[in-house]
Amino acid sequence: MNIIESEKDIKNYLKNKGPVAFIPTMGNLHDGHLSLIEEANKYTDTKVVSIFVNPLQFNEKVDFNIYPRTIESDIEILKKINIDVLFIPNGDILKNITKIKPSKKAKKLCGLNRPGHFSGVLTIVNKLFSLIKPKYAFFGKKDYQQYRLIKDFVNENNKNISIIGVKIYRDINGLALSSRNNLLSNDDKIIASNLYKSLSFIKENKDLLSKDLLNREIDKLNKTGLIIDYLESCNKNTFMQSYDSVNEDLLIAVAAKINNIRLIDNVVINKLL
């Protein structure tokens with residue numbers, strides 16, 4: 001595996017390669033990341049993983065500072081799974097970077113209480129795309145809003161990149177895997193698994209889907225020790241609030257904190273018609 005740190009070197013290395021599959025990460029790799037790489041194996045032989053903890057997408061400096069960084073173990077993991085290149089840019093990648101303004105969809109769900117977050121995501125992703133020039137890029141659907149905004153950005157700007165969304169990888173209790181989970185105690189993880197239980201309950205009771213049903217679930221979750229940021233039902237493409245599971249594909253999305261660690265999760269309800 002080649003480990004590259006400079007922008008010039010990554011561009012030179014990939015210049016004469018075939019189609020590239022790109023998996024951007026912030027490191028602290030877990031089985032969810034590995035599922036992205038496993039999916040990438042189906043598309044091409046040349047795979048590039050990046051690790052960069054992007055300060056532009058953090059609303060709170062404390063959150064940025066405590067984000068888990070495990071670069072040495074990440075390198076060992078990637079060496080074992082046939083990755084061609086690990087790109088580890090330093091902070092210079094942000095110099096003179098072109099800031100990307102996201103669409104209005106970025107103001108919904110996570111964007112409501114995280115102003116500038118998705119601008120920071122799109123800004124760094126756009127820069128990485130310009131350096132690596134992938135044919136395929138892989139994103140987990142745990143952050144479905146991020147996945148959708150990146151896909152829209154690529155389509156709207158006529159970039160020749162296929163954005164591949166990969167299903168959420170969960171632990172045995174249903175908790176969606178996240179690097180932030182490493183900041184949780186075992187008891188916290190058990191409490192956090194209630195998020196998926198609630199989402200599953202809502203999906204199973206889609207015929208009763210309403211604001212009242214979601215409010216009751218919010219009350220139940222708050223009583224477990226979680227602090228709910230939002231629990232919303234919306235059109236999965238526009239993020240406009242909707243409870244019409246007959247005519248629309250719906251996204252049921254939740255964001256919550258436990259001991260000041262922010263977690264997100266979602267399920268999709270496919271329309272009946």
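The model is predicted; local features need pLDDT of at least 70, side-chain atom pairs count only at pLDDT 80 or more, and totals for chains, interfaces and linings use all residues. Residues are numbered from 1 along each chain as its sequence is written, and side-chain values use heavy atoms, with hydrogens and water left out.

Start with helix 2, residues 31–40. Helices (H or I, at least four residues) and strands (E, at least two) are DSSP runs, numbered from the N terminus. Seven of the ten residues of helix 2 are buried, so this helix is largely enclosed by the rest of the structure. Buried means under 20% relative accessible area, exposed means over 50%, and partly exposed lies in between (1.4 Å probe, protein chains only). The buried residues are Gly32, His33, Ser35, Leu36, Ile37, Glu39 and Ala40. What covers them includes strand 2 (20–25), strand 3, helix 4 (71–79), strand 5 (136–140) and strand 6 (162–166).

Strand 3 spans residues 46–51 and holds Lys47. Lys47 has 2% relative accessibility and therefore counts as buried. Contact means heavy atoms within 4.5 Å. Leaving aside neighbours within four places in sequence, Lys47 is in contact with Ala21, Ile37, Ala40, Asn41, Asn82, Ile83, Asp84 and Val85. Two of its polar partners can be named. A polar contact of 3.1 Å joins the side chains of Lys47 and Asn41. The backbone oxygen of Asp45 lies 3.3 Å from a polar atom of the Lys47 side chain. A polar contact is a pair of N or O atoms within 3.5 Å; within protein, one must be able to donate a hydrogen and the other to accept it, and residues adjacent in sequence count only if both atoms are side-chain atoms.

Asn82, one of the residues that Lys47 touches, sits in the loop between helix 4 and strand 4 (85–87). Asn82 counts as exposed, at 57% relative accessibility. Its phi is near 65°, a positive value in a residue other than glycine. Leu109 also has a positive phi, of about 50°, although it is not a glycine. Leu109 is found in the loop between strand 4 and helix 5. At 6% relative accessibility, Leu109 counts as buried.

Next comes a helix pair. Helix 5 (residues 117–132) and helix 6 (residues 144–156) pack at an angle of about 50°, with their axes 11 Å apart. Axes are lines fitted to C-alpha atoms, for helices over the stretch in contact, and angles run from 0 to 180 degrees between N-to-C directions. The two helices are therefore oblique to each other. Angles under 35 degrees count as roughly parallel, over 145 as roughly antiparallel, 65 to 115 as roughly perpendicular and the rest as oblique. Helix 5 gives Phe118, Val121, Leu122, Val125, Asn126 and Phe129 to the contact, and helix 6 gives Gln145, Gln146, Leu149, Ile150, Phe153 and Val154. By class, this contact has nine nonpolar, three polar and no charged residues. Ala, Val, Leu, Ile, Met, Phe, Trp, Tyr, Cys and Pro count as nonpolar, Asp, Glu, Lys and Arg as charged, and the others, Gly among them, as polar.

The last stop is strand 7 (residues 227–235), which holds Asn235. Asn235 is buried, with a relative accessible area of 13%. A polar atom of the Asn235 side chain lies 2.8 Å from the backbone nitrogen of Asn237. Not counting residues up to four places away in sequence, Asn235 touches Met240, Ser242, Glu248, Asp249 and Leu250.
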